[in-house]
Amino acid sequence: MRIRSLSIVLCLLVISLLFSTAGCGVKPASTGKQSLVVGEIWKIDNIDPATNGTLTMEKALITETLVGTKPNFELQPNLASEWQRIDPNTWKFSLRKDVKFHDGTTFDAEAVEWSLLRAIQINPQIVSFTKIKKVEAENDGTVIITTSIPNSDLPASLHYSNTSIIAKSSVDKDGKMIKPIGTGAFKLEQYDPSTGDLKMSKNPDYWGTVSKLDNLEIRALPDPNTRALALEKGEIDFTCDPPYNELARLEKVDGLKVELNKTARTYIIEMNLNEAPFNDVRVRKAMSYGIDRESIVKNVLFGCGEAAKGPYMPGMAWTNENLKGYPYDPAKAKQLLAEAGWQDSDGDGIVDQNGKPMKITLMTYPQRPGLPPMAEAVQAQFKNLGIDLKTEIMDSSAMSDIAAKGKWDMKMSAFATAMIPSPSYHLNILYYSKNNKVMGYNNPEVDRLIDQSMVEEDLQTKYALSKQVQQILEDEEPVLPIAYYGVAVAMKSRVNNFVFNPTAHDYMLTNEVNIKE
């Protein structure tokens, strides 16, 4: 009995010691695992790289493209070690050796052929800027790509995240996506379609620098306020674009840090040029003069951005730095409206033409926190011009669906301008007549210059052609550029070695990111 009693006493002493040290700052033994939890700004209901490559390549680090890019938008080798143009329509890509997919199979030309052809079939938009006609595996390490027309931008277009390469085992026998199996620094372990959450583990056999993180988790948090709260509560370690009016406060929260960065994205307002009043260039210019961009950047974006003059942010190799833009000039705006036949004939404060008041609707979406308050600011500024503007906030896909039906006025978005690191990408998507039926912009000279830019091999000549297009766009103002996008990155202070990449399309993680213990 004495031995048993002594054992009980010793156990009680050990338990007491454990509880006493727990309150004295003694930490439990570290597992040694480096984990990062990211709050993603978009709902995740699709993990197919052919249509959501930005997620799988830049954020989850699962997949990779043939061609990479430097932070200054210069191309560099990635899964392709080099490439050369054989003739105007034919390119030869040499593949990196000793690369494996996450399932252990070899990355080779046959896999590239299958993956690219699949991506094109699923996402026809890829063809609009790659101009790919044929993909053939010449041998294990060489892929021959033939384009339908001469396209000097083919290597740049193969940096597009939706062309990232996956293994055949990514799909089932019917071609349905099981999960993306790529060559990247992380392997997908779990995807929950009900929440959109992803869990990845480090790829120890990665061909490049193996990640310093062991695990990476992405949680879909489309509401900006929810992202900010989750970061404060410690539920996530990293996110971007919390509400801009919260940035100064978050920066002062112990254990958090906030960075403001520039990226190739521009806040714009597109208009239905097929309908009045937007088919009158004088009205479009009046609206542009009526927007106080400097005030919007200061008071709505809280300095997270810069007033825009044209489609591309300053400093990019192909940006036309000589554009004058449209400074805030309400008097000039009212003069142009009057010249176009829009005046307040009945004294109700709204300009009208032939008895019809100018009442228009501006659509935008909430995931990017700057958009709804920017829409409200434009609404107030247009009221000063006598324009009755109503704003509608909806999901971005719903906004696109409404515009596709043709019955719409204006929509505001944050438009990525360098998903492909070449000027022709953005110009093709938004201003080429065959590609913008929804907006309805049609200028044969712009089409000709874009075509010529895609063919031109000399970069300086290519960029000069792009700058000509940018000048025409300023003269005709088919789209209203509002501000160059600023990305606010908020994270725990212990997140180490994150370096923002301007070519990212929200944020781009690297294998150097780690957690300071």
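This is a predicted model: local features need pLDDT of at least 70, side-chain atom pairs count only at pLDDT 80 or more; totals for chains, interfaces and linings use all residues.
**Entry 1: the largest pocket**

Which elements each supply at least two residues of the lining of the largest pocket? I looked this up and noted α2, α4, β12, α12 (396–404), β18 (410–416) and α13. Residues are numbered from 1 along each chain as its sequence is written, and side-chain values use heavy atoms, with hydrogens and water left out.

My element names are DSSP runs numbered from the N terminus: helices (H or I, at least four residues) and strands (E, at least two). A pocket is an open set of points on a 1 Å grid over the protein atoms alone, with protein on both sides within 12 Å along at least five of seven lines, and lining residues have an atom within 4 Å of a point. A cavity, for later, is a set of points where a 1.4 Å probe fits but cannot get out. Points are joined across faces, edges and corners, and a volume is the space filled by probe spheres set on them.

The largest pocket holds about 1700 Å³ of space. Its lining has 44 residues, and Thr51, Gln125, Ser396, Ser400 and Met419 are the closest to the centre. The top contributor is α2, which gives six residues. I sorted the lining by class and got 16 nonpolar, 17 polar and 11 charged residues. (Nonpolar is Ala, Val, Leu, Ile, Met, Phe, Trp, Tyr, Cys and Pro; charged is Asp, Glu, Lys and Arg; the others, Gly among them, are polar.)

**Entry 2: the second largest pocket**

Next I checked the second largest pocket, with about 720 Å³ of space. It is lined by 29 residues, and those nearest its centre are Gln76, Asn78, Met508, Leu509 and Thr510. Here α2, β2 and β3 (75–77) each supply at least two lining residues. By class, I wrote down 11 nonpolar, 14 polar and four charged.

**Entry 3**

The largest cavity has a volume of about 100 Å³. Its lining includes Ile268, Lys309, Tyr431, Gln470 and Pro481. The lining divides into seven nonpolar, two polar and three charged residues.

The second largest cavity has about 40 Å³. I listed Phe129, Asp153, Ile420, Ser424, Tyr425, Asn428 and Met454 around it. Helix α13 (residues 423–431) gives the most to this lining, with three residues. By class, the lining has four nonpolar, two polar and one charged.

**Entry 3: the nonpolar core**

A nonpolar core is a set of buried Ala, Val, Leu, Ile, Met, Phe, Trp, Tyr and Cys residues joined through side-chain atoms within 4.5 Å. Buried means under 20% relative accessible area, exposed over 50%, and partly exposed in between (1.4 Å probe, protein chains only). The largest core has 153 residues, of which Leu36, Leu66, Tyr267, Ile269, Met287 and Met410 touch the most other members. Its largest share, 11 residues, comes from β19.

I followed up on Leu66, using contact as heavy atoms within 4.5 Å. Leaving out residues up to four places away in sequence, Leu66 touches Pro77, Asn78, Leu79, Ala80, Leu95, Phe107, Val112, Leu116, Leu158 and Ile165.

I found a cis peptide bond from Ala276 to Pro277, with omega near 5°. Pro277 lies in the loop between β12 (256–271) and α8 (281–289).

Leu61 has a positive phi of about 55° although it is not a glycine. Leu61 is in the loop between α2 (49–59) and β2 (67–69), and it counts as buried because its relative accessibility is 11%.

Lys131 also goes on my list, with phi near 60°, a positive value in a residue other than glycine. Lys131 is in the loop between α4 (125–130) and β6 (132–139). Is Lys131 buried or exposed? Lys131 counts as buried, because its relative accessibility is 19%.

**Entry 4: confidence**

Last, I looked at pLDDT, the predictor's confidence in each residue from 0 to 100. The mean for the protein is 92, and 94% of its residues reach 70 or more. Over residues 1–30 the pLDDT is below 50, and this stretch has one contact in the model beyond near neighbours in sequence.
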